[in-house]
Amino acid sequence: MKLISLFGLPFVAALASAAVPFKDCQHKVKESIHGPPRGWSRHTPAPKHHMLELKIALPQAKFPELEQHLWEVSDPSHPRYGAHLSKEETDVLTAPHPETLDIVDEWLASYGLAEESLIRSSAHDWVTIRVPVGLAEEMLDTTYHIYKHTDTGESIVRTTSYSLPEILHNHIDLIQPTTMFARFKAFKSTLHWDNQLQPPVLSTSGGTITGPAGNQVNASCNSTITVSCLKQLYNAVAYNTSATSGNKLGLTAYLGQYANNMDLQQFFQLENPSAYGSNYTFVSVNGGLNNQTYAAAGIEANLDTQFGFGLTWPTPGTFYSTAGEPPFDPDMLTPTDTNEPYSYWLDYVLSQPMLPQTISTSYGDDEQTVPFTYAARVCAGMAVLGARGVSVLFSSGDSGVGDGDPDPATQMCYSNDGLNVTKFLPDFPASCPYVTTVGATVNIPETAVFFSGGGFSDYFVRPAYQEVAVSEYLAKLAPGTYEGLYTSYGRAYPDVSAQGVNFSIVYQGQTVLVDGTSCSSPTFASFVSMLNDARLNVGKTPLGFLNPFLYSTGYTGLNDITAGNNPGCGTQGFNATTGWDPVSGLGTPNFEKLEALVLSMA
């Protein structure tokens with residue numbers, strides 16, 4: 001188990017001689033895993049001609065300086081609050097040392113990979129090459145195999161260990177795809193068709209119930225969540241967003257999830273008629289498509305766009321469609337294996353001079369299936385977004401503390417270190433300390449919902465901004481509670497929460513209900529976007545990275561959730577309670593209170 005603060009990542013600039021005979025250098029293991037994660041089995045060696053798209057991460061020499069900027073510009077009590085960095089400034093702070101560029105270029109050239117065959121990221125901290133398996137095996141002193149997943153049948157080309165000449169170890173953070181078996185998936189737990197639903201719960205008090213802000217909310221919101229319900233519940237009915245402040249909301253889609261525009265317009269007619277006929281900006285990343293056939297409509301993409309853009313209209317929306325990892329097909333002559341989609345999306349957005357001020361993502365996987373080095377680099381990319389003034393929100397996951405199963409006899413939470421011990425399974429990127437992670441609630445009055453992902457990272461130490469809140473929670477636990485199942489000093493999540501059950505969306509022309517933290521993240525993000533709109537309208541900067549604000553004063557504008565738990569891994573999971581907890585975080589938004597808070601800040 002390896003916990004770090006990214007602030008402490010060392011950079012050692014090993015001086016290289018003018019010419020290094022790499023092929024004569026002794027290779028040393030750079031990264032290895034005990035074996036493929038549960039569910040994957042090794043099959044035949046990968047064909048030597050199969051093409052790999054390898055991404056090489058070079059150390060970001062000045063990342064500690066960038067992180068310091070992030071803390072300062074995100075802390076409402078700091079004189080530099082809101083003084084976000086530009087793309088050019090963050091590129092300088094994430095660029096590799098010139099000697100690193102020289103020695104890595106020389107190594108690549110020794111295998112015939114000249115400058116014209118290299119693809120570089122905006123800050124030159126990533127280098128992408130396309131090489132056949134045979135050459136990759138020579139460069140990395142490894143053997144690739146085809147691995148198949150027991151449940152899905154999908155196949156990928158991976159290895160469990162790779163090596164580099166020892167002189168390169170301080171100049172390369174990681175190379176993937178090698179040891180990465182993560183299957184980043186959309187967080188959504190249940191889809192209900194309307195004809196399977198129970199009749200709505202009728203109120204006994206004239207059709208309304210009292211919401212957390214003390215206002216009256218339609219009783220139907222206890223059985224079906226609509227745009228109107230969320231604005232009532234979270235006290236934003238009186239706020240009208242603008243289209244002229246420069247504010248934008250960004251939503252992301254991966255893994256072939258397509259937002260259907262016919263469904264969107266039908267949704268607008270039902271839930272926000274003023275938005276009918278409006279559209280959003282579609283951005284293709286790494287060949288992401290925009291398939292508009294009904295058959296290709298994605299539940300997750302429809303949910304995100306319908307509620308995200310429905311809540312914030314007329315704020316301009318941006319929808320990023322990022323091509324995912326193609327499964328290996330042994331029948332194809334020239335299949336290509338690529339990385340999971342976050343790295344491509346991050347490459348793209350970090351290369352853009354202007355970005356939406358709020359971005360929501362509802363995808364992730366077990367933290368332990370993501371190599372630590374890769375998780376650290378993706379998380380560092382989230383820090384760059386925060387330093388540039390972007391509020392990045394992620395769903396917390398739909399499996400409670402691990403697998404969602406409270407039965408010790410059937411739970412499937414095991415460590416992937418060869419010891420196979422039972423342990424809670426945190427999610428990534430939810431566990432990244434530079435994002436705002438959103439759990440889920442249900443009903444009015446709100447309680448934490450059983451599937452709300454929450455817990456403690458095994459990779460990242462707890463950041464200072466949440467030390468007080470989390471320590472107070474841990475002090476309430478009985479001594480020995482879940483001892484050995486979680487890392488009590490890890491980054492704790494979720495940070496906040498929002499409704500996540502019975503969201504009414506339009507899917508393939510029909511009204512259906514959806515559950516999951518994939519409902520919660522775009523919901524909370526929409527209210528953050530409204531807060532950014534309010535600040536921009538009076539000449540203030542966007543909120544940027546939210547967590548220092550939320551844990552210092554922002555929590556006073558949230559509804560504390562004190563009931564519910566998130567079972568999994570053969571346990572009942574953690575309990576919601578007064579203050580922060582690893583089921584509902586700090587709570588759900590009260591927009592009026594939050595608006596007053598953010599307008600009072602510099």
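This is a predicted model: local features need pLDDT of at least 70, side-chain atom pairs count only at pLDDT 80 or more; totals for chains, interfaces and linings use all residues.
Figure 1. Sorted by class, the lining residues of the second largest pocket comprise 9 nonpolar, 10 polar and 10 charged.

**Figure 2. The open sheet E10-E19-E21.** Strands E10, E19 and E21 form an open sheet of 3 strands in that order, and their pairing is antiparallel. E10 and strand E21 (427-428) are the edge strands, each of them pairing on one side only. Between E19 and E21 the antiparallel pairing runs over 2 bridges, and Asp366 has Asp427 of E21 as its bridge partner.

Figure 3. Most peptide bonds are trans.

**Figure 4. The largest cavity and the elements around it.** The model contains 3 cavities of 30 Å³ or more, and the largest cavity has a volume of about 210 Å³. It is lined by 19 residues, among which Gln60, Asp125, Trp126, Asp347 and Leu350 lie nearest its centre. Helix H2 (87-94), H8 and helix H9 (372-387) are the elements that give two or more residues to this lining, and H9 gives the most, with 5 residues. By class, the lining of the largest cavity consists of 7 nonpolar, 8 polar and 4 charged residues.

**Figure 5. Helix H8 and the charge over Tyr344.** Helix H8 (residues 341-350) is mostly covered, with 8 of its 10 residues buried. The buried residues of H8 are Pro341, Tyr342, Ser343, Tyr344, Trp345, Leu346, Val349 and Leu350, and of these Leu350 is also one of the residues nearest the centre of the largest cavity. Lys55 lies over the face of Tyr344, at 4.8 Å from the centre of the ring.

**Figure 6. The second largest cavity and its nonpolar lining.** The second largest cavity holds about 40 Å³ of space. Its lining residues are Phe524, Val528, Leu531, Leu543, Leu546, Phe549, Leu550 and Leu594, and the elements that give two or more residues to this lining are helix H11 (517-537) and helix H12 (547-552). H11 gives the most, with 3 residues. By class, the lining of the second largest cavity has 8 nonpolar residues, with no polar and no charged ones.

**Figure 7. Aromatic pairs and an aromatic cluster.** Across the whole structure, a search finds 34 aromatic pairs. In the pair formed by Phe267 and Phe268, the ring centres are 6.5 Å apart and the planes stand at 55°, so the pair is tilted; both Phe267 and Phe268 are buried. One aromatic cluster is formed by Phe424, Phe456, Tyr473, Tyr482, Tyr486, Phe574 and Trp580.

**Figure 8. Strand E24 and its pairing with E25.** Strand E24 (residues 455-461) is mostly covered, with 6 of its 7 residues buried. E24 and strand E25 (residues 490-493) run antiparallel and are joined by 3 bridges, and Val461 stands opposite Gly490 in E25.

**Figure 9. Positive phi at His124 and Asn443.** Most residues other than glycine have a negative phi. His124, by contrast, has a positive phi near 65°, and this residue is found in the loop between strand E4 (119-120) and strand E5 (126-132). With a relative accessible area of 35%, His124 is partly exposed. Asn443 likewise has a positive phi, of about 70°, although it is not a glycine; Asn443 sits in the loop between E22 and strand E23 (447-448) and is partly exposed, its relative accessible area being 35%.

Note on methods:
Residues are numbered from 1 along each chain as its sequence is written. Side-chain values use heavy atoms; hydrogens and water are left out. Buried means under 20% relative accessible area, exposed over 50%, partly exposed in between (1.4 Å probe, protein chains only). Helices (H or I, at least four residues) and strands (E, at least two) are DSSP runs, numbered from the N terminus. Two strands pair if DSSP finds at least two bridges between them. Rings of Phe, Tyr and Trp (its six-membered ring) pair if their centres lie within 6.5 Å; planes under 30 degrees apart count as stacked, over 60 as edge-to-face and the rest as tilted. A charge sits over a ring if NZ of Lys or CZ of Arg is within 6 Å of the ring centre and within 35 degrees of the ring normal. On a 1 Å grid over the protein atoms alone, a cavity is a set of points where a 1.4 Å probe fits but cannot get out, and a pocket is an open set with protein on both sides within 12 Å along at least five of seven lines; lining residues have an atom within 4 Å of a point. Grid points are joined across faces, edges and corners, and a volume is the space filled by probe spheres set on the points. Ala, Val, Leu, Ile, Met, Phe, Trp, Tyr, Cys and Pro count as nonpolar, Asp, Glu, Lys and Arg as charged, and the others, Gly among them, as polar.
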